[in-house]
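Please look over the sequence and the structure shown here before reading the report.

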Amino acid sequence: MKSVRDLSDESPTRQRVVRSIMHEGPSTAAQLAERLELTPAAVRRHLDALLDEGMIEVAADRRRAQRRGRGRPAKAFVLTDAGREAFEQDYDDLAVSALRFVADTLGEDAVKEFARRRSQELERRLLPLLEDAAPDQRPEVLADALAQDGFAATVRQAPGGTQVCQHHCPVAHVAAAFPELCEAETEAFARMLGHHVQRLATIAHGDGVCTTYVPDAPASLTTSTALTTDERTTR
């Protein structure tokens, strides 16, 4: 298996294949060929190499795979942990050890406070962008801002609302050990969007994408749901 952080040594086409899977989720060879404007044979060569290197694997949920007429379903491919790590995930054992030390010496509340302050920093940076947007545009503005932060975020329509999908999480392994990070981030999303949201899936818990459901008709942002001006400047 290739070591992490070797993606930059790959061919540009192979990088495009991996990035397309990361951004779009489980993908078949045919879907990748159409998306990247390549021949199916060329895509399959890259997929075979990525499979051998442990960068991708066949999706476990075959129901997501696209069916080829009456034949068996086409294989859909997803990134492995090694594939995700190739995108410079900024976590390591030191971060987990540090948070465990905090929990052991100062208690679980200290970890929650750390997670809360970390999410508030994200909120301070992104909230001004959302305040300038119309309520129905805020999920897309949030996704665009998260994408700029390296979360590879997109939006998709869902019954009665919108889903904000983060296809990459820089701290997935740390959040797997300390779900407080995910919980605090979800609370920050709710404050920025101005109403309740629901986290449906997380990469940290083994899902392919972090998915947050945002119901339609969000309320106006107020000081009761978002950071106040004083909080933004003093925290």
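The report below goes from the whole chain to one strand and then to one residue.

## Basis of the model

This is a predicted model, in which local features need pLDDT of at least 70 and side-chain atom pairs count only at pLDDT 80 or more, while totals for chains, interfaces and linings use all residues. Residues are numbered from 1 along each chain as its sequence is written, and side-chain values use heavy atoms, with hydrogens and water left out.

## The chain as a whole

The chain has 10 helices and 7 strands, taken as DSSP runs (helices H or I of at least four residues, strands E of at least two) numbered from the N terminus. Of its 235 residues, 46% count as buried, a term for under 20% relative accessible area with a 1.4 Å probe and protein chains only.

## Strand β3 and its partners

Strand β3, residues 76–79, is covered on both faces, with Ala76 and Val78 buried on one side and Phe77 and Leu79 buried on the other. Strand β1 (residues 27–28) pairs with β3 in the antiparallel sense over 2 bridges, and strand β2 (residues 56–58) also pairs with β3 in the antiparallel sense, over 3 bridges; pairing requires at least two DSSP bridges between two strands. Phe77 in β3 has Ser27 opposite, and Val58 also stands opposite Phe77.

## Thr212 in strand β7

Thr212 lies in strand β7, residues 210–215, and is buried, with a relative accessible area of 1%. Leaving aside residues up to four places away in sequence, Thr212 touches several residues, among them Thr162, Val164, Phe189 and Arg199, where contact means heavy atoms within 4.5 Å.

Methods:
Buried means under 20% relative accessible area, exposed over 50%, partly exposed in between (1.4 Å probe, protein chains only).
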